[in-house]
Amino acid sequence: MAQDKIILNYTHRQAGHCESGATSNLFNFYGYDVSEPMAFGIGNGLYFSYIPFLKLQFAPMISFRNFPNTVFHRSMKHLGVDAQVIKSFKTPKESMDALDRNLEKGIPTGCQVGCYNLTFFPPEYRMHYNMHNLVVFGKEDNLYHISDTVMETPQVLTWEDLARVRFAKGAFAPKGKMYWINHINGELNFKPAVKMGIQRTVHDMIKIPFWLIGAKGIHAMARDLKRWPGRYGNEKTSFYLGQILRMAEDFGTGGAGFRYIYGAFLKESGNLFINDELLEAADMMGKTANRWREFTYIGARNCKNRSKPEEDYGMLSDILHEIGNMEEQVYRKLDKIVL
Amino acid sequence: MEQDSNPVYKDERYGKNRELLYKYNPEGNYEKNVGFHEEPERVILQQAWDLFQERIENARQKVLSGKASPLLYYMEKSLADPMNLSMMAGIAFWKVKLHLKPSFFRHMSEKSQKKYAEALNITVEQLKKVE
């Protein structure tokens, strides 16, 4: 093992979402300015699924984002960049050696890790959640320099700690997955990439004929929210509602379950291509996101038992139905836009 | 929107980290701010942590009164459920369910003990009793 000191000239920028932040920072390393919302939108990170029969931290599983590694993989594919993903390694040693080789070649490398054993995380983040992403950009003897976009500053981890989080066990185990950009030729062509990204998101959100995914999923959740108090009692309902809000607001969503980031993407691409319809869609998305925020405010009051009598679960359910309709309108609009 | 980092959390280790948050203002612009979470998010987080603490305490009482094995306590302490623990330790789900009972826990093989200890990041001696 080479014991020399390698630290790449990598700029750490804080971001709202871990994976799109990592992707945008990797682009930045190669001298291309791709903002975080742009990476998120092109990589088609927006999603909604509500899976009541799977439980995550003792409450129904709700996801506002796409599967892990989608953002990196699709944004590279849509922009036509030569990138590589290694999905799994057999042993931690093997994966760490591959990481070392990459660093010696001067390639910052992204890794999928589990949150529970990350030593630099504050205690409230350390759940059994295996879809976190970080970028390794340097090493000194036993210490690895880590850029985690949730944190304000770069961090360090020892060899053992990094190997443990890269091989965290449980659902969606990372198995040492790592990814990097090989090289980029010439200018990036944003127009077809944005078009593909939007098309795919529209497909995911309104065209999948399954009632728990996309805008339909929001309506399904709204219907269930009304039934929970009768079925499970008030305490459990309050915890389940808390789970919806936690998935939407906490831990690297940028607020309102990624809706703000997606709106920022629409706004940026609208300004880039001078397209009024995209700007209008960005405005609609922003209003939807603000509505999600209102939902959080009222829901949190409900969780604390401080709500006014008219703010019961029926009203929250109505708000969710309204949000579902608003989102569907945005995607119907995006579907018709010709770029 | 800089505010006090810690008005709601009961444990003062929480809420020290500042995050990047997006906003949509009425003029129609998206803004990025680095700041602390606002009160609603803290309320729901505190709710979850209260629940976890309660579960851990309940598990401890159960173990002390002999209704459950120490494995239950360590499982709750690491915020896992039986499914999670089964994946973490590499032991079948139904076996984990049985090992949560004291009578089956007493006759557990050394191999399983080691697996649990490694998954929960404790020693085998610790696994046999609660503090």
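## A buried glutamate to start with

B:E76 is buried, at 9% relative accessible area (buried is under 20% relative accessible area, exposed over 50%, and partly exposed in between, using a 1.4 Å probe and protein chains only). Its side chain meets that of B:R55 in a salt bridge, 3.2 Å from N to O (a side-chain nitrogen of Lys or Arg within 4 Å of a carboxyl oxygen of Asp or Glu). The two residues sit 21 positions apart, B:E76 in helix α2 of chain B and B:R55 in helix α1 of chain B. B:R55 counts as partly exposed, because its relative accessibility is 30%.

Before going on, a word on what you're looking at. This is a predicted model, where local features need pLDDT of at least 70, side-chain atom pairs count only at pLDDT 80 or more, and totals for chains, interfaces and linings use all residues. Residues are numbered from 1 along each chain as its sequence is written, chains are lettered from A and ligands numbered from 1 in the order in which they are written, and side-chain values use heavy atoms, with hydrogens and water left out.

## Chain B on its own

Chain B has 7 helices and 2 strands (helices, H or I with at least four residues, and strands, E with at least two, are DSSP runs numbered from the N terminus). Walk along the sequence and you get the pattern β-β-α-α-α-α-α-α-α. Of the 131 residues in chain B, 50% are buried.

Now for contacts (heavy atoms within 4.5 Å). Taking the contacts in chain B with a separation of 6 or more, 47% come from residues 24 or more positions apart. Chain B also exposes about 7200 Å², with carbon and sulfur atoms supplying 52% of it (accessible areas come from the Shrake-Rupley method with a 1.4 Å probe, and for residues only the protein chains shown count as cover).

## Where the two chains meet

What does each chain bring to the contact? Chain B gives 40 residues and chain A gives 51 residues. Together they bury about 4000 Å², 57% of it on carbon and sulfur atoms (buried area is the accessible area, with a 1.4 Å probe, that two parts lose on being put together, summed over both). In chain B, the residues that lose the most area to chain A are B:Y22, B:Y24 and B:Y30, together 19% of what that side buries. The elements giving two or more residues to this side of chain B are β1 (19-24), β2 (30-35), α1 (39-64), α2 (70-77) and α3 (82-89). Of these, α1(B) gives the most, with 12 residues.

By class, the side of chain B that touches chain A has 19 nonpolar, 9 polar and 12 charged residues (Ala, Val, Leu, Ile, Met, Phe, Trp, Tyr, Cys and Pro count as nonpolar, Asp, Glu, Lys and Arg as charged, and the others, Gly among them, as polar). Even so, the count of salt bridges between chain B and chain A is 0. The interface does hold 5 residue pairs in polar contact, both residues at pLDDT 80 or more (a pair of N or O atoms within 3.5 Å; within protein, one must be able to donate a hydrogen and the other to accept it, and residues adjacent in sequence count only if both atoms are side-chain atoms).

## Salt bridges inside the chains

Side chains of opposite charge can pair when their charged atoms come close. Over all chains, the count comes to 13 salt bridges. One of them joins A:K139 and A:D100, with the closest N and O atoms 3.6 Å apart. This pair links distant parts of the chain, with A:K139 in strand β6 (residues 132-140) and A:D100 in helix α4 (residues 92-105), 39 residues apart. A:K139 is buried at 3% relative accessibility, and A:D100 is buried at 6%.

Another salt bridge joins A:R259 and A:E327, whose closest N and O atoms are 2.7 Å apart. Here A:R259 is in helix α9 of chain A and A:E327 in helix α11 (residues 313-336), 68 residues apart. A:R259 counts as buried because its relative accessibility is 0%, and A:E327 is buried at 0% too.

Is B:L79 buried or exposed? B:L79 is buried, at 6% relative accessibility. You'll find B:L79 in the loop between α2 and α3 of chain B, with phi near 60°, a positive value in a residue other than glycine.

A:I274 also has a positive phi, near 50°, and isn't glycine either. A:I274 lies in the loop between α9 (259-273) and α10 (276-303) of chain A, and counts as exposed because its relative accessibility is 73%.
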